[in-house]
Amino acid sequence: MRRFYSTIITFLSLILALTPTIVGAQSVGVVMSGGGAKGLYHIGVLRALEENNIPIDYITGTSMGSIIGGLYAAGYTIEELEQIALSGDLERWVSGKISDDYGYYHLERDRISSMINIPVNLRPAGENDIRRRINLPGSIINTAEIDITLNKLFAHATQRSQGNFDNLMIPFRCMATDIGRHTAVELRSGDLGRAIRASMALPVAFPPVVIDSALMCDGGCYDNFPWKSLDNAFHPDVIIGSCCVSVEPKTLDNASVVDQVMSLITMPSDFDMPEGRSVFIQRSVNASTLDFGKAREIIAVGYNDALAAMPQIRELVARRETGEERDAKRTAFRGGDDELRVGKISVEGLDERQSDMVLRHMSLTGRKRGDSNPMTLDEVGDNYLSLLANNAVNSEFPEVVYNTETELYDVNLPLSVKPGFDISVGGNISSTAFNQAYIGLRYGWWGRAIQSFNLDILLGPVYTMARVKGRTTFTSRTPFYLDYSYNFNVTTTLKGNFGNITKVDNAEPMRMLENFLSFSAGMAPTRRSVIDVTLNGGKDLYSYKMDEYQRMQYTDFSYLSGGVSLEYNSLNKPLFPTSGTLFGISAIYVYGRDERDSREGLIYPEGGDYFDRIRQWWGAKLKWEHYADIVDSGAFSFGYALEGVYSNHPSFDSETATIMTSPQYAPLLHSRMIYMPEFRANRYIGVGVMPTVRIIDNLYVRLSAHMMLRDKFNGENLHFMSDLSFIYHTPIGPISLAFTKYNFSSSKNMYLTFNFGYAIFGRKGLFY
């Protein structure tokens, strides 16, 4: 009998031991390392596992591993992960720049492009606080767009799981670092988007996140490969490790600033998973932490490495999960993926008037009149980013919480007012005389309306500008604004080298001084468009040479001018754009008094009295400029432009003064630096093409060719200009080397110029 029981026990033990293999009951956990852009490697690994029907029962991750793992655990497909990685959005998010789609063109149109902007807090928080008046940023990258996107991606999963990461489609853990306690923290519940945002908060690069009153940053600082967290939480039978970083001590040759900082603060990670029940898929991916431009290449490397490890995985994992089973599980968790509707929106950190303005902005912007349906989270997110694009407030991670009573998502926005005063520094460094030094001072405050005052000073041997400008913006469904300014511009081409490498016969010396007051009233029917009415009044002084006089001649023109314009601008860069559209249509009227003298006595027409003549004219202008990506990767774009002006501009007392007050065709940067009479006319049509090729990241070569049709000048109706430019876009401004040629009838008028920065030009009192 004893032998019988012993035989039964042995048989049952054998059955239990063989059960995982026979019926496929093993559980499989996947652990993913951090690594920034290198972490896109994990997408390739997941694809290989899916294609081979390897089940995934649990996931843990750190930093980028937490993002990829969290998306997969929340039910996103491999195709959706690849779409996010390859869309270019990640690359834009880590640039820290809010997309131009969210900005308001009416705020940017008169804003002078600067290299450096320094916020200054004029109200110290306490005693001995002088050093804190200059507000240095707490991080390199503005994560506003990342923050709102994480809320959009994970709000539904947080609601479906009721804030318990075990209830996601795949149970999940992610790692963060408690800055105060200097320890690794396993995040297992709460807001999924916030947890992942904390796990990816690279020190210095991204601001930290508060979770349960503790300040959290990147989990990779203390545990960059959390297989132990996976093992302790879920006890899987098999662990598959996906690691995109080196397991050896790092070398910092040619490392970026972020990589150097991470190396200094990162503790060694344990990569020794249990033998006999683990597979380690690892490669030190050749990319920097923020190099998301290599997404396709990195994903492919992860996929190939996982395929190479597949025989070992298949030997350990006998169980299979078909695509149909995965899809059913995904559908059961995600449901119908209905639009996420928003209920209450609240603001904290601002006073009552400021909060009221924010709430009106969040509720009205972009909505159709009469639309009473609850806003979607996408709409709220767009309005939130457009609010931040105004540069009036700082943000922290928004809170999006599902309200079980209303079945809507309540949104809380933690905001703080940016310092009201800032200093801008910029200009242009050139191989020509067109060097500029710019400083701008801005002071602003806001409540129910936004008020700002600017002082801009630009000094240079060719172009000098001073401007005092104020603006009042009223926030409503259609923002309305009032602008008022005093403008002083001086242009002189009397002396200096403009880069000519051959003889020049198309440029002449002159000096022009503009001195005028301006008042505008306008509105922004869309984020990228403006309609405004402008009134200018002032006096221009033109100095030039005339063959019949030995001395310089001077024309004074006192005037009133008015204009109405409609503009749309979605160009991606203020200089050398590669995508977007610029469209403008305007009409102007000018009424003024023309007077000429030689500064040694007035010029009297033969047989006449003192010369004093009223001049008046009207004009209209159409401008259209468009850049289209011919290749999806953005490696090649094709631009084209059309510009036309018609006016009944009269003749002044001198031919030179007539030309100098006429509309100017200047599609090239260099053409705005010099005075060329042939490209100034009362009526003209200009067309141009601007193909641009990206050589490597931020380095472009651009060919521009333009033709102007006008009334005859020097016996020609057609006049041409072109240039070949090499352009490198740095974080503080573009660097360009351009070979420029005007007209092709001779070998004259060739220029070679180098510029670094933003060449700045003010508005004209005569418009164009």
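The points that follow take up the cysteines and then the aspartate.

This is a predicted model, in which local features need pLDDT of at least 70 and side-chain atom pairs count only at pLDDT 80 or more, while totals for chains, interfaces and linings use all residues. Residues are numbered from 1 along each chain as its sequence is written, and side-chain values use heavy atoms, with hydrogens and water left out.

- Cys221 takes part in no disulfide, and the nearest cysteine sulfur, which belongs to Cys217, lies 4.1 Å away.
- Cys221 is buried at a relative accessible area of 3%, where buried means under 20% relative accessible area, exposed over 50%, and partly exposed in between, with a 1.4 Å probe and protein chains only.
- Cys243 is likewise in no disulfide, the nearest cysteine sulfur being that of Cys244 at 6.1 Å, and Cys243 counts as buried with 0% relative accessibility.

- Asp456 belongs to strand 16, which covers residues 449-459 (strands are DSSP runs of E, at least two residues, numbered from the N terminus), and Asp456 is buried, with a relative accessible area of 2%.
- The side chain of Asp456 makes a polar contact of 2.6 Å with that of Tyr438 and a polar contact of 2.8 Å with that of Arg467; a polar contact is a pair of N or O atoms within 3.5 Å, and within protein one must be able to donate a hydrogen and the other to accept it, with residues adjacent in sequence counting only if both atoms are side-chain atoms.
- When neighbours within four places in sequence are left aside, the residues in contact with Asp456 (heavy atoms within 4.5 Å) are Ile112, Tyr438, Ile439, Gly440, Met465, Ala466 and Arg467.

Terms used. Disulfide = S-S within 2.5 Å. Helix = DSSP H or I, 4+ residues; strand = E, 2+ residues; numbered from the N terminus.
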